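Reader: I have a new structure open and I'd like to learn how to read it. Can you walk me through it?

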Amino acid sequence: MRYLSGIQPTGRLHLGNYFGMIRPAVELQAKGEAYYFLADYHALTGASEPGQLEGLVRETFLDLLACGVDPERAVVFRQSAVPEVHELAWYLSTVTPMGLLERCHSYKDKVAKGISPSHGLFAYPVLMAADILLYDADRVPVGQDQKQHLEVARDIAGKFNDRYGQVFKLPESIIREDAGVVPGVDGQKMSKSYGNTLEIFAEEKDLRKKIMGIKTDSTPVEAPKAVEGSTLWGLVRLMGTEAERAEYRALMEKGGTGYGDLKKGLADLVLREFDGMRKKREELAADAKRVETWMKNGAAKARKTAEQVLARVRAAVGTQK
Ligand code: ADP
Ligand code: TRP
C-alpha cells in the first residue's frame, strides 16, 4: 500500500493541519510506503511574497519532521525536486473537462476571497492529480476540505485510462472523520487565510494569548456551557486522554467554571500535547546539514519512482521516451 500526501509550504503549521493531515500521515507511515511532499508549485498560486518560498519550504520541512514524519521511513521531498510532474500534468489536462474544474469549491472560494483567478489557480486540481498519479499512490490522507480534489483526481485518472488503457490506479482519499474540521479561534475553520490559527510551534506566551482570545458566548460563570459546536470542545476533543476529555466536558456541562479557566485548561492541554514536538523542532533546526541530506535523499527516491511511472505514461500517449 502506498500513501501519499502533500502540504503547501505557505506558513507555520497549525492545529488544523496537524489533526487533519499530519497526524494521520504519521500514523500511516508505519503501515506502508509513504510519500509526503511540500507542494511548493501549488504554493505559487497563493498570495505569498516573492523571495519567501525557499525559506518556507525549509521551515515546513522541519515542522513535518518535528511532528513525527520520519525521513528514514517515508520519502519526504519538495514537489519542485521532481519537475517531471508538469509533463504529467499536461497529459492529464488534455483529458480534463473544463466543467470538472469549474465545479471545484476551492477555486470558487479562493476567488471569492479575493485571490486573483489565474490559470494556475484554476488548473490547481490537475497538478494535484499529477502529484498523486506520478507516484502510483493508493491512498491519500487529507483533511475534509481536499475531498473534492481527490474526487477530481480519480475522475481525471479514469478519463486518461478510458483513452489510453489501464495506466493509472484510481487513488482513494483517507479522510479522518474524527478530526473533522478543526475550528480556529473565531469558530470558523482554522485556516491560514482566515488569520484564526493556533500555530503548533509558536512561542508559548503567544500561543497562550491566542487561546485566551478564543471567541466564546456570554454564558455566565455559574451556568452550564454549550459543548457540541463550541470552539473549546472542538479543540479539546482532539487532545489528551479519554479521562481528561471526559473531565473537561463535565466541567463545561456542570457550570461553575468560567470561560477564562476553561481556556487556560485548553492551553495547558495544547502545550503538553505538542511539548515533545516543540523540543524536537529546536534540535532539528540546529542540525541544518542532516536536514539537507534528508531533503536530498527524499528527492532522489521520489524522482526515481516518478521516472518509472512517466515512462509508462509516455509509452501510452506516444511522446518521446
Ligand atoms: P490552510 O487552510 O491553513 O491554508 P492548507 O490548505 O495548507 O491549510 O491545508 C493543509 C492540510 O491540512 C490539508 O490536508 C487540509 O485538509 C488540512 N487542514 C487544514 N485546515 C484544517 C482544519 N481546520 N481542519 C482539518 N484539516 C485541516
Ligand atoms: N492541495 C493540498 C492542500 O492545499 C496540497 C496538495 C497538493 C496535495 N498536492 C497534493 C495533497 C496531493 C494531497 C495529494 O492542502
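This is a predicted model: local features need pLDDT of at least 70, side-chain atom pairs count only at pLDDT 80 or more; totals for chains, interfaces and linings use all residues.

Reader: Which two numbers describe a pair of packed helices?

Author: Two packed helices are described by the angle between their axes and the distance between the axes.

Reader: Which residues of α6 and α7 make the contact?

Author: On the α6 side you'll find Tyr107, Lys110 and Val111, and on the α7 side Leu121, Phe122 and Tyr124. Sorted by class, that contact of α6 with α7 has five nonpolar residues, no polar ones and one charged.

Reader: At what angle do α7 and helix α8 cross?

Author: Here the angle is roughly 70°, and the axes of α7 and α8 (residues 147–164) come within 9 Å. That makes α7 roughly perpendicular to α8. From α7 come Tyr124, Pro125, Val126, Met128, Ala129, Ile132 and Leu133, while α8 brings His149, Leu150, Val152, Ala153, Ile156 and Ala157. The class count for α7 with α8 is 12 nonpolar, one polar and no charged residues.

Reader: And how do α4 and α7 pack, at what angle and how far apart are their axes?

Author: Helix α4 (residues 85–93) packs on helix α7 (residues 119–133) at about 120°, and the axes are 8 Å apart. So α4 and α7 are oblique to each other. Their crossing is right-handed. Val85, His86, Leu88, Ala89, Leu92 and Ser93 are the α4 side of this contact, facing Val126, Leu127, Ala129, Ala130, Asp131 and Leu133 of α7. By class, α4 with α7 has nine nonpolar, two polar and one charged residues.

Reader: Now the ligands, please. Which residues come nearest to ligand 1?

Author: With a ligand, look at who surrounds it, then check for pairs of N or O atoms. There are 17 residues around ligand 1, and His14, Gly143, Asp145, Ser191 and Lys192 come nearest. For His14, a polar side-chain atom lies 2.7 Å from an oxygen atom of the ligand. The backbone takes part too: an N or O atom in the backbone of Val182 is 2.9 Å from a nitrogen atom of ligand 1. Met190 also has a polar backbone atom 2.9 Å from a nitrogen atom of ligand 1.

Reader: How many residues surround ligand 2, and which are the closest?

Author: You can count 14 of them, with Gln8, Tyr124, Met128, Asp131 and Gln146 the closest. Take the side chains in turn: an N or O atom of the Tyr124 side chain is 2.6 Å from a nitrogen atom of ligand 2. For the Asp131 side chain, the distance from an N or O atom to a ligand nitrogen is 2.7 Å. For the Gln146 side chain, the corresponding value is 3.0 Å.

Terms used
Residues are numbered from 1 along each chain as its sequence is written. Chains are lettered from A and ligands numbered from 1 in the order in which they are written. Side-chain values use heavy atoms; hydrogens and water are left out. Axes are lines fitted to C-alpha atoms, for helices over the stretch in contact, and angles run from 0 to 180 degrees between N-to-C directions. Helices (H or I, at least four residues) and strands (E, at least two) are DSSP runs, numbered from the N terminus. Angles under 35 degrees count as roughly parallel, over 145 as roughly antiparallel, 65 to 115 as roughly perpendicular and the rest as oblique. A crossing is left-handed if the near helix is turned anticlockwise from the far one by less than a right angle, and right-handed if clockwise. Contact means heavy atoms within 4.5 Å. Ala, Val, Leu, Ile, Met, Phe, Trp, Tyr, Cys and Pro count as nonpolar, Asp, Glu, Lys and Arg as charged, and the others, Gly among them, as polar. A residue is near a molecule or strand if one of its heavy atoms lies within 4 Å of it. A polar contact is a pair of N or O atoms within 3.5 Å; within protein, one must be able to donate a hydrogen and the other to accept it, and residues adjacent in sequence count only if both atoms are side-chain atoms.
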